[in-house]
Amino acid sequence: NLMILEAAGCDEYNTLLIASGSTAADSLSASSTGQPILMVGEELTAEQKTWLKDNKFSQYVILGGNAAVSASVQKAIADISGTEVKRLAGSNRFETSTKIAAEFFECVDDVTFAYGWDFPDGLSGGPVANACGAPVILITDSADECSFAKNYLNKWELGHAYIMGGTARISDKTVTGMIDYLDIA
């Protein structure tokens, strides 16, 4: 992760996102923001601490709750950066997904849906969503897990919805329900 961040260069970015390096849900939701993402474990490594000292950002945002990124990592980043570290977390990955979208997308014309319990489709869809200026929203065929997406998207008049993956992950019934609910073609 650090090698990728170094190769990509972070000088032009004001915000650094911090996500779990062992689970993908929160970083998938953030993949469409175009912001650099630092993947962490239970504690920061010596290399990560050095990198954070050498690369300053005006805003640091942790993605997910304490189970995803520990409070000790949050404190360490705050100590190194000398600034407050914001946390975007919901009651689960599906609500966190909508909190990330709300933070980084001021106006939503298009949306990208990805299956919330595995990463390949969402990972592939992140660049597409970024190119479209659309958030990645995690859903499944569960009405409870889709409820966060419906609540978040209710305030927007959407033009397009992109579904990442096949019907084995997100059924046509769920897609139709989301499209009918969102009143888009």
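A pocket is taken here, on a 1 Å grid over the protein atoms alone, as an open set of points where a 1.4 Å probe fits, with protein on both sides within 12 Å along at least five of seven lines; lining residues have an atom within 4 Å of a point. Grid points are joined across faces, edges and corners, and a volume is the space filled by probe spheres set on the points. The structure is a predicted model, in which local features need pLDDT of at least 70 and side-chain atom pairs count only at pLDDT 80 or more, while totals for chains, interfaces and linings use all residues. Residues are numbered from 1 along each chain as its sequence is written, and side-chain values use heavy atoms, with hydrogens and water left out.

The second largest pocket has a volume of about 180 Å³. Its lining comprises 13 residues, with Asp 26, Gly 64, Gly 65, Ala 68 and Arg 93 nearest the centre. Helix 2 and helix 5 each contribute at least two residues to this lining (helices are DSSP runs of H or I, at least four residues, and strands runs of E, at least two, numbered from the N terminus). By class, the lining of the second largest pocket splits into three nonpolar, eight polar and two charged residues, where Ala, Val, Leu, Ile, Met, Phe, Trp, Tyr, Cys and Pro count as nonpolar, Asp, Glu, Lys and Arg as charged, and the others, Gly among them, as polar.

For the largest pocket, the volume is about 540 Å³. Asn 1, Ser 27, Ser 31, Ile 37 and Met 39 are the closest to its centre among 24 lining residues. Two or more lining residues come from each of helix 1 (2-8), helix 2 (25-30), strand 2 (37-40) and helix 6. Here the lining holds 14 nonpolar residues, 10 polar and no charged.

Turning to side-chain contacts, three salt bridges are counted (a side-chain nitrogen of Lys or Arg within 4 Å of a carboxyl oxygen of Asp or Glu). Lys 75 pairs with Asp 79, with the closest N and O atoms 2.8 Å apart; both sit in helix 4 (residues 71-81), four residues apart, about one turn of the helix. Lys 75 is exposed at 52% relative accessibility, as is Asp 79 at 53% (buried is under 20% relative accessible area, exposed over 50%, partly exposed in between, with a 1.4 Å probe and protein chains only).

A second bridge joins Lys 86 and Glu 103 at 2.8 Å, N to O. This pair links distant parts of the chain, strand 4 (residues 85-88) and helix 5 (residues 93-104), 17 residues apart.
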